[in-house]
Amino acid sequence: QIFNQHNAEAPNLEEAFHRMAQMEPNLDHDVSWFLLPSYWAKMVVALISFLCFANSYDGDFVFDDSEAIINNKDLRAETPLGDLWYHDFWGSKLSSNTSHKSYRPLTVLTFRINYLFAGGFYPVGFHVINIILHCTISVLMIDVFSILLGGLQFSNKGRRLNLAPKSSLLAALLFAVHPVHTECVAGIVGRADLLCALFFLLSFLGYCKAFRENKEGHTFSVFWVLVSVILGAIAMLCKEQGITILGLNAVFDTLVINKINLLELIRKSLYKDKSLENAGLLRKGLLFRITLLMCGGAGILYIRWRIMGTGPPAFTEVDNPASFADSLFVRAINYNYYYSLNAWLLLCPWWLCFDWSMGCIPLIKSVSDWRIIALAALWFCLIGLICQALCSEDSHRRRILTLGLGFLIIPFLPASNLFFRVGFVIAERVIYLPSIGYCILFTYGFSLLSKQAKKKKILAVAVLGILLVNVMRCALRSSQWRSEEQLFRSALSVCPLNAKVHYNVGKNLADKGNQSAAIKYYREAVRLNPKYVHAMNNLGNILKERNELHEAEELLSLAVQIQPDFAAAWMNLGIVQNSLRRFEEAEQSYWTAIKHRKKYPDCYYNLGRLYADLNRHIDALNAWRNATVLKPEHSLAWNNMIILLDNTGNLAQAEAVGREALELIPNDHSLMFSLANVLGKSQKYKESEALFLKAIKANPNAASYHGNLAVLYHRWGNLDLAKKHYEVSLKLDPVAPGTKENYNLLRRKLEQLQKKGG
């Protein structure tokens, strides 16, 4: 029996539901919720999902955004588009030993488009796209949930019927306002999960579109099955989880399209029941469609493998300590504990953190640990749901529970550590897709309670309260993601044992110039994780700047002892040793840093300074030249070359280097100043004057710029202008070396000229 679709008026919908109920139980009969026309339902979901995350639109680039966007060369126009297909999410070559193998070229492409349209790294455009994506996904969820909760039925005209408008609206609202989604929406890097979810849902809806009922019976479109596979491939190119939609499509086909009882099928298979031939698998094309899905999935994975290679991703013990445990028991028990925590975040998303690694969740090492209770609770619930999904006599219940569990578990499998090691303990972003299954189960549970409850309105008000609390929690959490300071500090109460949280708070304080407070947090990070080499490196840097050189040397020496290939720590150790005048050790440290990082312009720059201190001028010039070859915009290296050549009397060479530098960095006022000094000594006064004035225009409060321009005028014989700039220089810096003496000489000369004139 086929029904015509009516969306404009509620009575027509109710009539359709009543007629559908004659075929199988309808979830909406038991749900005490609002009934809205399809258009209005989608408008409400879009608006509420927008309100949840709207305050994140003007947030900064935070946390992983720096590496994935600001420091990612794949976003810049000079990087060929083809490179995106051979680089990972962070811009590293997939063949590199340090690559995390996160292959998401389409997500990086959207970042690149954002960057090009904005004309630079302006975060507003990035955030707006994320908010729009989440709103779009939430609206699509109404269609998805209407199929998952109400079944797949078509009208005479081939239009899909929404047989569960109240239930699908409730489930879509639960999804739209879930606080665990904040990381995906408010964190720009979460774009990968959003794009993956968008094409994941489109693949599912495309697969559903392959089935239509007409007067001749059940048919399906091979075209739409193939479109679904292609959309699944696109989802995977946005994030790895996308490939799981092909498995979910197969589950949906089995349960909804073919209405197969899995338990009965297993029994018949075990007993080799001949009635399997009448199961309709071949008649309805299930095996053919599953074969298409399997071949498509295998082809996608093969192409991905060919591009990425076979090398495993490079993770460390602090990223995922359970995966490095020697004992299989410890690994298994902690993985299951992580699953229970993920489930708890779906049920009660109150304690949210940007990072759950580095001691945030201590390992369970024995069965006496009280946290074993969480594992028992998780598996008690899962086994109960699985038994109901397989053994219930109610086919409607079997279908909804199996689909709910499928959407909860299958998209989570790539993050489960079962197939390969992942680089995190818990990541809220990976729950974005599994939350679909949670919303299905929640809505079905609500319908069962509504069926039993005498006062259904009280139950509906309670659910409304949950939605309202979640909206408020989303808004609060979004505001925390607007800046690194708020984000990092919000984690201190959630994960006080997480060394990375203290490290990031310290780094944020150091960037703002609050070194004393930063030292406190860096020390705590090292205390919590005595092998945290990055915290040691940053703390050593601050102590070096505060001239606490011996402690800085101890920290940096320990860092390179723990991680011998830590190039930045070797370089900083060299700087400290140079300050302690242990030049041979410093030189050795610099070369060790370069050994571990071949292209290290800053290290070549510091090596050049060491050679300059030792009067090894040729070696210094070579080191600085290497720095500028590796990094043409390295202003300090160019400046030091000009100054060294100037001081050693090589004015022609200094001038050539200065002109070369200004061609590469035309707006650098320090280079203008250095070249102007050289030109003045070469008696090219006019050109020197022009560069001095240009440098002063760019940086008018530099006393040395005015002082040296005054010297130029003094030599040139333009005494009035010399007097003017000497006075400006002394006003800006009354103790500027040499300026006061030169000014007094000029005044005496002017007095002598006045006497002669008189």
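Predicted model: local features only at pLDDT ≥ 70, side-chain atom pairs only at ≥ 80, totals over all residues.
1. The end C-alpha atoms of residues 601-634 lie 8 Å apart, in a span that is 79% helix and 0% strand, where helices (H or I, at least four residues) and strands (E, at least two) are DSSP runs numbered from the N terminus. For residues 703-736 the end C-alpha atoms are likewise 8 Å apart, and the span is 82% helix and 0% strand.

2. Residues are numbered from 1 along each chain as its sequence is written, and side-chain values use heavy atoms, with hydrogens and water left out.

3. The count of aromatic pairs comes to 28, taking rings of Phe, Tyr and Trp (its six-membered ring) whose centres lie within 6.5 Å, with planes under 30 degrees apart called stacked, over 60 edge-to-face and the rest tilted. Tyr 302 and Trp 305 form a tilted pair, because their centres are 5.8 Å apart and their planes stand at 40°. Both belong to helix α12 (residues 286-308), three residues apart and thus separated by about one helical turn.

4. The rings of Phe 673 and Phe 692 have centres 5.9 Å apart and planes at 65°, so this pair is edge-to-face. Phe 673 lies in helix α29 (residues 669-681) and Phe 692 in helix α30 (residues 685-698), so the pair ties together parts 19 residues apart in sequence.
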